[in-house]
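I opened this model to look up its core, its surface and its aromatic rings. My entries follow the display.

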Amino acid sequence: MLEKQSRGVKQFNVLVNLLRDRQSFLEEIRLGIRLENKISSLFVSSSICFAIYGAIIGASHGWAQALSSAIKLPAFYLLTLIICFPTLFFFNVLFGSRSSIQQHFVVLLTSVSVISVLLFSFAPVTLFFLITTPDSYQFFKLLNVAIFGITGIFGVKFLYEGIQLLSQQDEVGKTTRTTILRFWLLLYAFVGMQLGWFFRPFFGAPDSKFELFRAVKGNFYLDIIAAISEILGFR
């Protein structure tokens, strides 16, 4: 029992070390130090953070949606990473990167982990509004869209810095790889938004029965416009 607890503490310690001294953490990735340990620890700790936040946002519709969102939110972020990862890695290799596939994957996983822990830090705020505004579904949804956007920006910033650090050791093609990274970040954002729309619902609309997945129709942008219109009284 104590051994399992110690292992769990060590896994979260990797995430804490990432937050405390990200420059040293990224330098270890560049040098290839304990990459497998970093992958397993960050995967477990980020999944737990995502699951907790997913359960909170899903609780607005009941226990079934809470359980569903606790599973779908970690899966959503991991699948977005897996879908976009090959494009970044192979284009970087094509234009001179000598970093291994593990190094690239750990850097991407660190950015996802940063997003997860920032979402976890917003959990008390989200829970507060869930309790105090139980009938304001559109407000609660837009609040969380803003939170996801803010945490995503910081995660992308961390990813950009991490990939740039890996590129320092390979001067050939560095400018091209930087340009590719910028376009890839746009691809990552679009894939994430589309996958999130495909995975919905995460909140669950009021007065509707529980659905694991909803039929794919409309798009993310129209849904946000409709939510803003309803809050402003245009609908």
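**Ground rules.** I am working with a predicted model, where local features need pLDDT of at least 70, side-chain atom pairs count only at pLDDT 80 or more, and totals for chains, interfaces and linings use all residues. Residues are numbered from 1 along each chain as its sequence is written, and side-chain values use heavy atoms, with hydrogens and water left out.

**Core.** I looked up the largest nonpolar core and found 51 residues. Such a core is a set of buried Ala, Val, Leu, Ile, Met, Phe, Trp, Tyr and Cys residues joined through side-chain atoms within 4.5 Å. Buried means under 20% relative accessible area, exposed over 50%, and partly exposed in between (1.4 Å probe, protein chains only). Ile29, Tyr77, Leu108 and Trp184 touch the most other members. Among the elements giving two or more residues are H1 (2-20), H3 (35-58), H4 (63-94) and H5 (101-132). H5 supplies the largest share, twelve residues. Helices here are DSSP runs (H or I, at least four residues), numbered from the N terminus.

I then checked Leu108. Beyond residues up to four places away in sequence, Leu108 touches Leu81, Phe85, Leu88, Leu159, Ile163 and Trp184. Contact means heavy atoms within 4.5 Å.

**Rings.** How many aromatic pairs does the structure hold? I count twelve. Rings of Phe, Tyr and Trp (its six-membered ring) pair if their centres lie within 6.5 Å; planes under 30 degrees apart count as stacked, over 60 as edge-to-face and the rest as tilted. Phe50 and Tyr77 are stacked, at 4.2 Å centre to centre and 10° between the planes. This pair joins H3 to H4 across 27 residues. Both Phe50 and Tyr77 are buried. Phe85 and Phe89 are also stacked, because their centres are 6.0 Å apart and their planes at 20°. They sit four residues apart in H4, so about one helical turn separates them. Phe85 is buried at 9% relative accessibility, and Phe89 is buried at 10%. Ring pairs also link Phe50, Phe76, Tyr77 and Phe202 into a cluster.

**Surface.** I checked Phe12, in helix H1. Phe12 is partly exposed because its relative accessibility is 31%.

**Loop.** Where does Ala205 lie? I find Ala205 in the loop between H7 and H8 (220-231). Its C-alpha is 7.2 Å from that of His61, 144 residues apart along the chain. Leaving aside neighbours within four places in sequence, Ala205 contacts His61, Tyr137 and Arg214.
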